[in-house]
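Here's a short tour of a protein model, written for someone new to reading structures. Have a look at the picture, then read on.

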Amino acid sequence: MTAQEDDAPSRLTNEAANAPGSAEPFWKRLTLEEMSTSEWESLCDGCARCCLNKLEDWDTGEIVWTAIACELLDDDSCRCSDYPNRHVKVPDCIPLDPATVRSITWLPPTCGYRLIAEGRDLYWWHPLVSGDPETVHEAGISVSGRTVSEADIPVEEYEDFVVMWPGEDPGAD
Ligand code: SF4
Ligand code: SF4
């Protein structure tokens, strides 16, 4: 699940993030519900943490992350390899909208949508702040180079791939 668009200018540069005459960038001025489509899309930092498989403890409801990525994820670029058809190919890829962001509990703590929904600011590595889509990788926030594909791992082995880092928020230290 992600909000990235492969064929749309979804990431605004930081120069474009400020409306003319506005002192603050849009993510500080607007609620999630007030954002335009392009503003909304640009809030995704491209980390692809939400494209990792998770395990839920049936007794406690606790959710843990695995390093096992959706089979459509490109582990290098962190892009969905078939974004237009993702909901057909991956039915549990949930489209994000403001209501969804506010209701699901497992969005990574670094997720741009979650940060804004919680009244927080974007971190330096976010492309909207840095003006560079590479900083999310350089900061070690993205999943790039850290995943295995679900196509190669049987479900009964998922527990062997549990990892903590997708739930961590290094910027909060
Ligand atoms: S289909 Fe998979 S890779 Fe594509 S956006 Fe959804 S979870 Fe991510
Ligand atoms: S976790 Fe949030 S910021 Fe990262 S890819 Fe998913 S929607 Fe985008």
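Predicted model: local features only at pLDDT ≥ 70, side-chain atom pairs only at ≥ 80, totals over all residues.

## Around the ligand

A residue counts as near a molecule or strand if its C-beta atom, placed from the backbone, lies within 6 Å of it. By that rule, ten residues surround ligand 1, and the closest are Cys51, Cys70, Cys80, Arg86 and Cys93.

What about their classes? Ala, Val, Leu, Ile, Met, Phe, Trp, Tyr, Cys and Pro go down as nonpolar, Asp, Glu, Lys and Arg as charged, and the others, Gly among them, as polar. The shell around ligand 1 then has eight nonpolar residues, one polar and one charged.

Residues are numbered from 1 along each chain as its sequence is written, and chains are lettered from A and ligands numbered from 1 in the order in which they are written.

pLDDT is the predictor's confidence in each residue, from 0 to 100. The chain's mean is 89, with 87% of its residues at 70 or more. Over residues 2-16, though, pLDDT is below 50; this stretch has 35 contacts beyond near neighbours in sequence (C-beta atoms, placed from the backbone, within 7 Å) in the model.

## Strands around S2

Strands here are DSSP runs (E, at least two residues), numbered from the N terminus, and two of them pair if DSSP finds at least two bridges between them. S1 (residues 52-56) pairs with S2 (residues 63-69) in the antiparallel sense, over four bridges. Lys54 has Trp65 in S2 as its bridge partner.

S2 also runs antiparallel to S6 (residues 162-163), joined by two bridges, and parallel to S5 (residues 148-149), again by two bridges.

Technical notes
Contact = placed C-beta atoms within 7 Å.
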